Amino acid sequence: MNMRDSNLNLRNFTTQIDSCLLEQGKQLLKSDAIVKLEIESRNLWFAEVQDEKLYNVKIWLDEEKFRHVDCDCHEQADTFCKHLAAVILEICEGLEIPASGDSAEIKEKASRLVRLERIL
Ligand SMILES: [Zn+2]
């Protein structure tokens, strides 16, 4: 997916991304696979996701739009994977952007993002 040409953002992510990836992301989130989530600035997020091994995930945003995404599990830049899906779901939850579908089950994770209130 070429992100420069796409309109992919935090609000339409769950409807635009491959449903299989989205489901895998939800499973990771449910199993507490996100071991770290840090906000470098409003538009730059780092996360660590424990799967078969520990993966570093980076997300650059332009307002709500995705500018770049990166994960250790693949070589190709700006490609979404289940780890990115999990982290993005968690960010959406923390920002209280309603994800379509069963967002209630990941609501409890939002408490980790308390620091956001100081930044936004
Ligand atoms: Zn990945």
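Student: How far does α3 reach from its first C-alpha to its last, and what span is expected at 1.5 Å a residue?
Tutor: Keep in mind that this is a predicted model. In it, α3 has 13 residues. At 1.5 Å a residue, the expected span is 18 Å, and the reach from first C-alpha to last is close to that, at 18 Å.

Student: Is α3 mostly covered or mostly open, and how many of its residues are buried?
Tutor: A residue needs 20 or more other C-beta atoms within 10 Å of its own to count as buried. For the protein chain, with its 120 residues, the buried part is 29%. α3 is mostly covered, and its buried residues number 13 of 13.

Student: Which element gives the largest share of the largest nonpolar core?
Tutor: That core has 25 residues, and V49, V57, L84, A86, V87 and I88 are those with the most contacts inside it. Two or more residues come from each of α2 (19-30), β2 (44-50), β3 (54-62), β4 and α3. The largest share is 8 residues, and the element that gives it is α3.

Student: How are α2 and α3 oriented where they pack?
Tutor: The crossing is right-handed. The axes of α2 and α3 lie 7 Å apart, at an angle of about 65°. That angle makes the two helices roughly perpendicular.

Student: What phi does E63 take, and is E63 buried or exposed?
Tutor: E63 sits in the loop between β3 and β4. E63 is not a glycine, yet its phi is positive, near 55°. Because E63 has 9 C-beta neighbours inside 10 Å, it counts as exposed.

Student: Which residue just after α3 takes a positive phi?
Tutor: Look just after the helix ends, where phi is about 60°. The residue there is E96.

Student: Where does D78 lie, and how far is it from I59 in space?
Tutor: D78 is in the loop between β4 (65-71) and α3 (82-94). It has a positive phi of about 60° although it is not a glycine, and with 16 other C-beta atoms within 10 Å it is partly exposed. D78 and I59 are 19 residues apart in sequence, and their C-alpha to C-alpha separation is 9.3 Å.

Student: What pattern does the protein chain follow along the sequence?
Tutor: The secondary structure comes to 4 helices and 4 strands. Read along the sequence, they give α-α-β-β-β-β-α-α.

Note on methods:
Residues numbered from 1 in each chain as written. Predicted model: local features only at pLDDT ≥ 70, side-chain atom pairs only at ≥ 80, totals over all residues. Buried ≥ 20, exposed ≤ 12 C-beta atoms within 10 Å, placed from the backbone. Core = buried A, V, L, I, M, F, W, Y, C linked by C-beta atoms within 7 Å. Expected span 1.5 Å × (residues − 1). Axes fitted to C-alpha atoms, helices over the stretch in contact; angles between N-to-C directions. Parallel < 35°, antiparallel > 145°, perpendicular 65-115°, else oblique. Left-handed = near helix turned anticlockwise from the far one by under 90°.
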